[in-house]
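I opened this model to look up a few things in turn and to write each one down as I went. The entries below keep to that order.

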Amino acid sequence: MYGKGILKGLGVTLKRFADTYLDDISWWMQGKKRYFTTEGVAHRSSKNTRGIFTVQYPEEQLIQPEEFRFVPFLVHDGDDKKDVRCTSCGICAKVCPPQCIWIVRTNDPNTGKPVPQPAEFYIDMDVCMNCGFCAEYCPFDAIKMDHDFAIASYGRNVYNLDKLLKPASYYAEIRPLNYQKEEDARKAKEAAKAAKANAAATPAA
Amino acid sequence: MTAPASTTTIDLVSRFPEFVTADTRPGFSGFIVKKENLVEVATALRDEFNFDLLSSVTGVDYIADNKMEVVYHLHRTTGGPGIVFKTQVDRVDPMEVPSLIDVWAGADFQEREAWDLLGIKFTGHPDLRRILLWEGYEGHPLRKDYQEAFFEEETKPFKSRWPEGHHTYAEFKNPFRDNIKLPENFKLDNYQPENEDQLYFSLEKSSMKHTSENQMGTDHMVVNMGPHHPSTHGVLRVAVELNGETITSLKPVMGYLHRNHDKIGERNTYLQIMPFTDRLDYFNSMANNFGYAVTVEKLMNIPVAERAEYIRVIMAELSRIQNHLIFIGMLINDLGSMYTPSLYAFEERELILDIFEAVSGARMMCNYFRFGGVVRDIPADAMQKIKDLVHDRLPAKTDEMERFLNENEVLVGRLKGVHVLNAEEAIRNSVTGPVLRAAGVPYDLRRADPYSVYDRFDFDVAVRYNGDMYDNYLIRFDEIRQSLRILEQALKQIPEGPINSQKPQYQVRVPAGEAYGRVESPKGELAFYVVSNGKPNPYRYHVRAPSFVNLTAVETMCKGTKIADFVALLAMLDIVMGEVDR
């Protein structure tokens with residue numbers, strides 16, 4: 001019969017249409033909200049989603065996985081921006097594919113020798129290609145990729161040290177698993193160092 | 001499961017002792033052919049040694065030796081390793097090399113690219129115009145002595161970034177008036193922009209024989225489709241000559257998205273190229289990463305961690321599934337059924353992209369592969385989601401998609417019997433990927449020349465025999481099903497263990513030599529040709545993009561068909577301009 005294929009196809013669309021409302025009713029019967037809740041968004045991006053699956057941005061937002069990366073930021077410990085993790089070793093600037101990281105190293109004014117702290121640090125966010133190499137290869141866990149993607153502005157986005165620095169607590173908040181892993185590794189390293197120092201001290205004593 | 005491809009080499013030197021020598025440079029392989037006898041040797045390779053598929057043509061500028069080299073990579077569509085031969089010419093303009101377009105028609109666009117970017121003149125090529133840059137461009141940018149407008153240094157990392165990296169904008173350092181190089185005796189008042197006579201002339205030449213068969217003397221009309229045409233999937237422009245509604249001649253015009261990916265690659269370090277490959281075929285960054293990683297690993301001669309091999313296969317196959325879903329959706333879109341089928345396809349793609357995001361950090365620009373492995377392991381929740389999709393959802397949704405569309409009378413009417421490409425034409429034009437397989441050639445690199453761990457999986461090479469658009473459409477479904485089969489096995493077999501065989505390092509050591517690595521990307525044979533001279537940056541980096549080479553056949557496919565079908569054909573070729581223009 002000519003037209004059977006079209007009718008079959010229309011059957012599929014009709015089923016999809018009905019699925020949306022069936023899901024709405026079943027959620028309503030269970031007393032759960034399907035829209036504008038995290039639970040609802042999570043369900044709509046799971047394997048069980050059927051019917052409508054769009055997310056009403058910005059009222060609803062997709063749940064970001066921990067590894068999601070946007071632009072980089074610098075991590076500082078403590079509350080004020082003094083305790084910077086960065087040692088201005090320059091690895092991030094060297095590995096950056098579009099070369100958008102600019103670092104001025106601090107030199108000791110008396111000796112002229114480099115001090116492990118950046119004097120100036122710029123990232124040209126308009127040039128950044130969000131590859132995540134800087135965070136991946138930083139040996140000091142000082143530069144990390146941010147989750148905040150709403151950075152559009154009317155001007156150009158060259159971030160300086162002040163704008164780049166964010167506390168470690170923020171980092172722990174957006175990437176809890178990674179943070180925990182790094183903290184554990186650091187503690188293990190410190191413990192090993194202490195044990196070694198003890199072992200070295202014992203025979204002497 | 002097939003046996004690993006045999007590694008017997010062809011002894012071309014004893015066949016042609018007078019003008020073929022083996023390439024004995026350390027790290028290099030293949031043969032060097034005297035340019036005067038190039039066509040003879042190429043014909044013998046095609047007819048006597050059965051190398052029917054011209055995979056890649058490219059050039060390398062050895063400025064220190066004062067030589068320009070053209071590199072040809074040949075393969076057999078029956079599988080097995082390929083052969084590489086080169087020809088050298090003195091680096092003095094005009095650098096003339098005979099064209100191989102009569103031996104393999106697939107050399108057409110690739111030779112034009114080599115002329116455009118390197119300035120190698122292919123004598124005997126009937127239409128040697130610039131292809132990626134515009135007519136009237138001064139110079140050939142892939143030559144080693146060419147410097148681009150915002151030139152800073154030969155290679156990255158630039159010294160101005162650290163330790164004295166005071167930020168400046170590129171345009172302040174290099175003001176506009178200084179960064180354009182004008183030819184000698186250039187006067188703005190006398191400047192005449194290049195017209196496109198050459199392009200239109202190339203059309204007419206090929207259509208002369210078609211005119212006035214009915215003695216009516218009707219005029220042919222030239223229509224420019226694009227670059228701003230919604231059906232061209234980006235900024236592809238096509239100059240079409242029409243007799244009524246029938247296409248008599250056609251030339252694609254590209255380069256509107258050109259950024260000279262090859263030159264960017266040569267400025268970058270090996271690792272820095274990885275995120276740039278994401279931007280080639282931006283639907284399949286995983287497949288692009290795969291191809292580049294395979295090539296550099298070949299050059300570095302390092303193993304890949306076992307678990308990483310499986311992760312790579314899983315990601316590449318997921319990528320193939322979402323690419324084919326998009327293909328189906330957009331093909332139907334171009335046929336005029338706006339949005340409903342394409343959004344159904346996008347729904348499954350969205351779920352796959354969620355996995356990519358959880359694993360690599362980005363939905364499309366994944367940058368996930370590293371030399372020797374991958375960046376990080378698949379998180380537990382993402383792994384669960386992959387299993388759910390592969391075992392549960394995707395097979396059911398593929399069935400639903402087929403039920404939805406396959407028998408649709410409008411779709412069948414538009415696709416069946418249109419644009420028949422037969423196997424010989426396809427091979428002659430170096431077409432690869434689903435388009436070749438739909439023409440009846442079961443040539444799939446995963447089986448023909450297995451890379452990574454593809455030889456461990458049980459799957460069929462999807463093949464259809466009519467070569468029309470309907471077969472091209474159906475073969476995508478076949479491939480999705482085969483990919484799901486591979487994924488099921490990979491998820492079952494994936495071992496525990498480290499995800500990289502190397503220590504993470506931001507600058508890798510690559511010994512001098514050359515490597516040609518190729519993978520089966522969803523669009524066809526994606527290959528990278530990398531030449532290293534032992535420095536941190538590749539000496540030559542070339543991408544053999546499947547979309548670009550597949551476009552060579554478009555004129556053959558279209559002649560004599562209606563212009564309305566051309567729109568569907570472009571969707572069917574599944575081109576991505578990020579890859580065509582590079």
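**Ground rules.** I am working from a predicted model, in which local features need pLDDT of at least 70 and side-chain atom pairs count only at pLDDT 80 or more, while totals for chains, interfaces and linings use all residues. Residues are numbered from 1 along each chain as its sequence is written, and chains are lettered from A and ligands numbered from 1 in the order in which they are written.

**Domains.** I took the domain bounds as they come from an automatic or database domain assignment. Chain A is divided into domain 1 (1–62) and domain 2 (72–179), and their C-alpha centres lie 42 Å apart. Chain B is divided into domain 1 (12–123) and domain 2 (261–580), with 27 Å between the centres of the two, taken over C-alpha atoms. The contact between the two domains of chain B takes 24 residues from domain 1 and 25 residues from domain 2. On the domain 1 side of chain B, β3 (53–62), β4 (67–75) and α3 (107–118) are the elements that give two or more residues, and the largest share, 6 residues, comes from β3(B). That side has 12 nonpolar, 10 polar and 2 charged residues.

**Helix α3 of chain B.** How many of its residues are buried? I found that 12 of its 12 are, a residue being buried if 20 or more other C-beta atoms lie within 10 Å of its own, exposed if 12 or fewer, and partly exposed in between, with C-beta atoms placed from the backbone. The buried residues of α3(B) pack against β3, β4, β7 (120–123), α6 (261–267) and α17 (546–550) of chain B. After α3(B) comes B:Gly119, whose phi is positive, near 75°.

**Strands of chain B.** I then traced an open sheet of 3 strands in the order β8-β9-β10 (chain B), with antiparallel pairing; two strands pair if DSSP finds at least two bridges between them. Because β8 (221–225) and β10 (246–253) each have a single partner strand, they stand at the edges, and one side of each is left without a neighbour in the sheet. Between β8(B) and β9 (residues 237–243) I noted 5 bridges, and B:Met225 has B:Val238 in β9(B) as its bridge partner.

Further along, β13 (residues 513–521) and β14(B) pair in the antiparallel sense over 9 bridges, forming a hairpin with 2 residues between them. B:Gly513 stands opposite B:Ser532 in β14(B). Strand β14 (residues 524–532) is mostly covered, with 9 of its 9 residues buried. I also found 5 bridges joining β14(B) to the antiparallel β15 (residues 540–544), and in β15(B) B:His542 is the bridge partner of B:Tyr529.

**B:Leu415.** My last entry concerns B:Leu415, found in helix α12 (residues 409–415) of chain B. Why is B:Leu415 buried? B:Leu415 counts as buried because 22 other C-beta atoms lie within 10 Å. Leaving aside neighbours within four places in sequence, B:Leu415 is in contact with B:Asp468, B:Met469, B:Tyr470 and B:Tyr473. B:Leu415 and B:Asp565 are 150 residues apart in sequence and 8.6 Å apart in space, C-alpha to C-alpha, and B:Asp565 is among the buried residues of helix α19 (residues 563–573) of chain B.

Definitions and conventions: Helices (H or I, at least four residues) and strands (E, at least two) are DSSP runs, numbered from the N terminus. Two residues are in contact if their C-beta atoms, placed from the backbone, lie within 7 Å. Ala, Val, Leu, Ile, Met, Phe, Trp, Tyr, Cys and Pro count as nonpolar, Asp, Glu, Lys and Arg as charged, and the others, Gly among them, as polar.
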